[in-house]
Amino acid sequence: MRLEFIGAAHEVTGSCHYLEFGGKHILVDCGMEQGADIYENQEIPVNAAAINYVFITHAHIDHSGLLPLLYARGFRGRIYATNATTQLCGIMLKDSAHIQESEAEWKNRKARRAGQPEVVPMYSLADAEGVLKHFVPCPYDTETEVSDDLKVCFRDAGHLLGSSFIEMWITEGEESCKLIFSGDLGNGNRALIRDPEIPESADYLILESTYGDRLHTIPPDYATELARVLSATFSRGGNVVIPAFSVGRTQEMLYYLRQIRQSNMLPTFPDFEVYVDSPLSVEATGIFNENVSECFREKDLEMIRQGINPIQFPGLIKSVTSADSQAINFDKKPKVIISASGMCEAGRIRHHLKHNLWRPECTVVFVGYQVPGTLGYSLLNGAGEVKLFGETIQVQAQILNLPGISGHADRDHLTAWVQGMKEKPKRIFVVHGEDKVTDEFAAHLAEETGIPAIAPYSGDIYDLAQDACVVLGSRKRAEKRVKKRSTSSVFERLLAAGQRLITVIQKNKEGANRDLAKFADQINALCDKWDRS
């Protein structure tokens, strides 16, 4: 029973944990890094074709975004996630692939003019569509027997529609062990989303620490706070631009904007318009409406029973096409523009920033966590100018952070969640936090709970049967360089196909001689066709 930490170790994004037992190879989350790399992450220690199962805690790209790449490298196993997470991944992974392909196309236009090698997208839309066929949707609070030695249960983590922490029971020989992977935990009392459940017991807990060094202030009246910002900005003749994650934060914003309109909290601007400018956000909002009974909190279910849709109201305009998006910035009427991505790293939000950042009458409101190294982080921390589409833009708009809106539990919430367990784990692994935060929060947990807590690095391997670290991973910091993908990525894809072939051959070891001979002839014929010697 070996647990290896791959991603989100002393870093916030790129969650990925590798588990090996009984000849099985398992991943919990397979996320993409966002923002600057801090440490050099280790590769998954087996080729993708050898991975049997992947378990996804929730649909955010930093937890699911590399699944299409895993597929491109030969993975053909099963992916378990909640019903809502499965649906959200269905749109988010295809959107991520579209971004990969679009950025590669844009870079290649410049590369061809400059006589430089072309770049290849990390993965394609075909890879995203392929991996989606391997999802196995699961209901909350139902134990699923994956195999004779593996059982899982998804519990509500209160972070996002469909988000979960995963209880996992594994057996190897005479040894049995229960692990809990927290995923991202919500802080409770949020619009639409239920509060996190509290587990009863675990032998090992793998716990996030995004806000493990801070305490949330007493939550303000979000609708009142947002109404104040809207009133001041509209009075100046400006727009309120909200960079928001398409899934989760956009729907929360719609919830509060609906409340402002419904309660007439802006009597001077009663008919203000709200543009949701993101095809992904529009699709995600539809998925929210499809998962009401399983995921919404009771307060909002009661509203729906009364005929009120919590995230729909007059004046809400959904922008899907590029023409719709461009038209928004030609309309001079003050408005709210909600667009993705939430950290301003890609997508239509960058166009809206280009058109509004230089205008002192406008306001940019951040409503989510900003990873260091992202454009959103720079703006929130006082950048005087930024570059967008090769053009330098002066930051004249008011930049605000709406306090109190967080999808993550703070230090005390996380600590209370652990203390709420009836049977405490023998060890806690602290992950998914900034470099110093993981160590500080691990020390805090050990002091407050009496449970040994450590913050592993990428590549650290723990033998769970021995309760001991058996391999120390890399502590090397990543070089600050621009990552480039050249045509060599195509060759890497070919190598991955070869590795998958080896895995398939090994799986057919006990096959009939006639079938094995036919398989060998097919491989040799293929080799004869491509042998360049």
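Q: What makes strand S17 and strand S18 antiparallel partners?
A: In this predicted model, 4 bridges join S17 (residues 385-388) to S18 (residues 391-394), and the two run antiparallel. Two strands pair if DSSP finds at least two bridges between them, so S17 and S18 count as paired. One of these bridges sets Val-386 against Ile-393 in S18. The hairpin has 2 residues between the strands, and there Phe-389 takes a positive phi near 55°. Strands (E, at least two residues) and helices (H or I, at least four) are DSSP runs, numbered from the N terminus.

Q: On what basis does the model qualify, and how are its residues numbered?
A: Residues are numbered from 1 along each chain as its sequence is written, and side-chain values use heavy atoms, with hydrogens and water left out. As this is a predicted model, local features need pLDDT of at least 70 and side-chain atom pairs count only at pLDDT 80 or more, whereas totals for chains, interfaces and linings use all residues.

Q: Why are strand S7 and strand S21 called edge strands?
A: The open sheet of 7 strands has the order S7-S8-S9-S10-S11-S20-S21, with mixed pairing. S7 (144-147) and S21 (453-454) each have a single partner strand, so one side of each is left without a neighbour in the sheet.

Q: Which strand does S11 pair with in the parallel sense?
A: S11 (residues 204-208) pairs with S20 (residues 427-431) over 5 bridges, and Ile-206 has Phe-429 as its bridge partner in S20.

Q: What is the angle between helix H14 and S20?
A: H14 (residues 435-449) lies across S11, S20 and S21, running at about 155° to S20. Axes are lines fitted to C-alpha atoms, for helices over the stretch in contact (heavy atoms within 4.5 Å), and angles run from 0 to 180 degrees between N-to-C directions.

Q: What makes a space a cavity, and how many are counted?
A: On a 1 Å grid over the protein atoms alone, a cavity is a set of points where a 1.4 Å probe fits but cannot get out. The count comes to 2 cavities of 30 Å³ or more. About 80 Å³ lies in the largest cavity, a volume being the space filled by probe spheres set on the points, which are joined across faces, edges and corners. Its lining has 13 residues (an atom within 4 Å of a point), with Ser-15, His-17, Asp-29, Gly-183 and Val-431 nearest the centre of the largest cavity.

Key
On a 1 Å grid over the protein atoms alone, a cavity is a set of points where a 1.4 Å probe fits but cannot get out, and a pocket is an open set with protein on both sides within 12 Å along at least five of seven lines; lining residues have an atom within 4 Å of a point.
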